[in-house]
Amino acid sequence: PHVQEARMARSYPQAEKYLSMFPAGPVAVIAGGVSFCASALMAVLIVIGIAEEHLMLETTLFGRHLAWYLAIATGLFAFARSFTTDSSPFFPNGDCEEAMLELSTETHYFPQEWRGLCHSYDVRDAFLALFPYKAQLFAEECLSVILAPYILCFSLPRCSREMLLFIRSHSVELNGVGAVCRYAEFDFKRYTDDAKMERSFIN
């Protein structure tokens with residue numbers, strides 16, 4: 001994989017370590033309660049199934065067999081567990097500053113405004129924006145399938161002139177490679193004040 005992708009993959013355990021230092025929050029607390037209730041129901045139904053197997057398939061409750069409730073409780077338990085954490089619901093756990101410093105060795109990203117404030121929820125929320133949930137990424141991918149035709153048909157044509165001007169102004173021909181964007185060469189003499197290119201070079 002790409003070097004940056006490999007670094008990002010190595011950063012996930014450290015990111016989870018940093019986030020686990022914060023109190024669990026109301027969602028995790030509620031999820032913990034739901035998972036506890038679901039696991040208790042699962043335990044009761046499993047004991048019933050072991051003791052009297054036919055009861056799981058023959059006994060009905062509100063028009064449903066007990067096996068149906070076991071399946072629902074199992075799914076609910078698995079879903080709720082994905083939102084629970086091992087951190088305390090009330091107190092920080094560990095040195096957030098040190099954890100973020102370790103994380104930055106892989107991400108190469110530690111803004112100045114974060115330093116000394118890694119224990120704050122503002123920094124945590126800003127950090128979370130960089131690591132969206134996989135469910136969110138999947139939803140965005142599905143949405144892009146719907147929006148892509150609209151963008152290609154209506155939005156991009158209005159920007160075509162600016163895009164062509166940018167390509168013509170920032171392209172260079174390299175022997176054995178072909179036309180490439182000048183930014184890919186990291187030509188700091190030409191682009192002296194481009195902070196984004198500097199960050200890309202560091203990463």
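Trainee: Which helix holds arginine 81, and how do I read such an element?

Mentor: Helices here are DSSP runs of H or I with at least four residues, strands are runs of E with at least two, and both are numbered from the N terminus. Arginine 81 belongs to helix α4, which covers residues 66-81. Residues are numbered from 1 along each chain as its sequence is written. Please keep in mind that this is a predicted model, in which local features need pLDDT of at least 70 and side-chain atom pairs count only at pLDDT 80 or more, whereas totals for chains, interfaces and linings use all residues, and that side-chain values use heavy atoms, with hydrogens and water left out.

Trainee: Is arginine 81 buried, partly exposed or exposed?

Mentor: Buried means under 20% relative accessible area, exposed means over 50%, and partly exposed lies in between, with a 1.4 Å probe and protein chains only. Arginine 81 has a relative accessible area of 47%, so it is partly exposed.

Trainee: What is the order of helices and strands along the chain?

Mentor: The chain has 8 helices and 4 strands, and along the sequence they follow the pattern α-α-α-β-β-α-α-α-α-β-β-α. Of its 203 residues, 22% count as buried.

Trainee: How do I read the pairing of strands β3 and β4?

Mentor: Two strands pair if DSSP finds at least two bridges between them. Strand β3 (residues 171-174) and strand β4 (residues 178-181) are antiparallel and share 4 bridges, and leucine 174 has glycine 178 in β4 as its bridge partner. The two strands form a hairpin with 3 residues between them, and glycine 176 in the turn has a positive phi of about 80°.

Trainee: Which residue has a positive phi although it is not a glycine?

Mentor: That is phenylalanine 62, with a phi of about 55°, and its place is the loop between β1 (60-61) and β2 (64-65). Phenylalanine 62 is exposed, because its relative accessible area is 77%.

Trainee: How many salt bridges are there?

Mentor: A salt bridge is a side-chain nitrogen of Lys or Arg within 4 Å of a carboxyl oxygen of Asp or Glu, and the count by this rule is 3. In one of them, glutamate 106 meets arginine 10 at 3.1 Å, N to O. This pair links distant parts of the chain, since glutamate 106 sits in helix α5 (residues 96-107) and arginine 10 in helix α1 (residues 3-19), 96 residues apart. Glutamate 106 is buried at 16% relative accessible area, whereas arginine 10 is partly exposed at 44%.

Trainee: How many disulfides does the structure hold?

Mentor: A disulfide is a covalent bond between the sulfur atoms of two cysteines. The criterion used here is a pair of cysteine sulfur atoms within 2.5 Å, and the structure holds 0. Cysteine 37 counts as exposed at 51% relative accessibility, whereas cysteine 181 counts as partly exposed at 30%.
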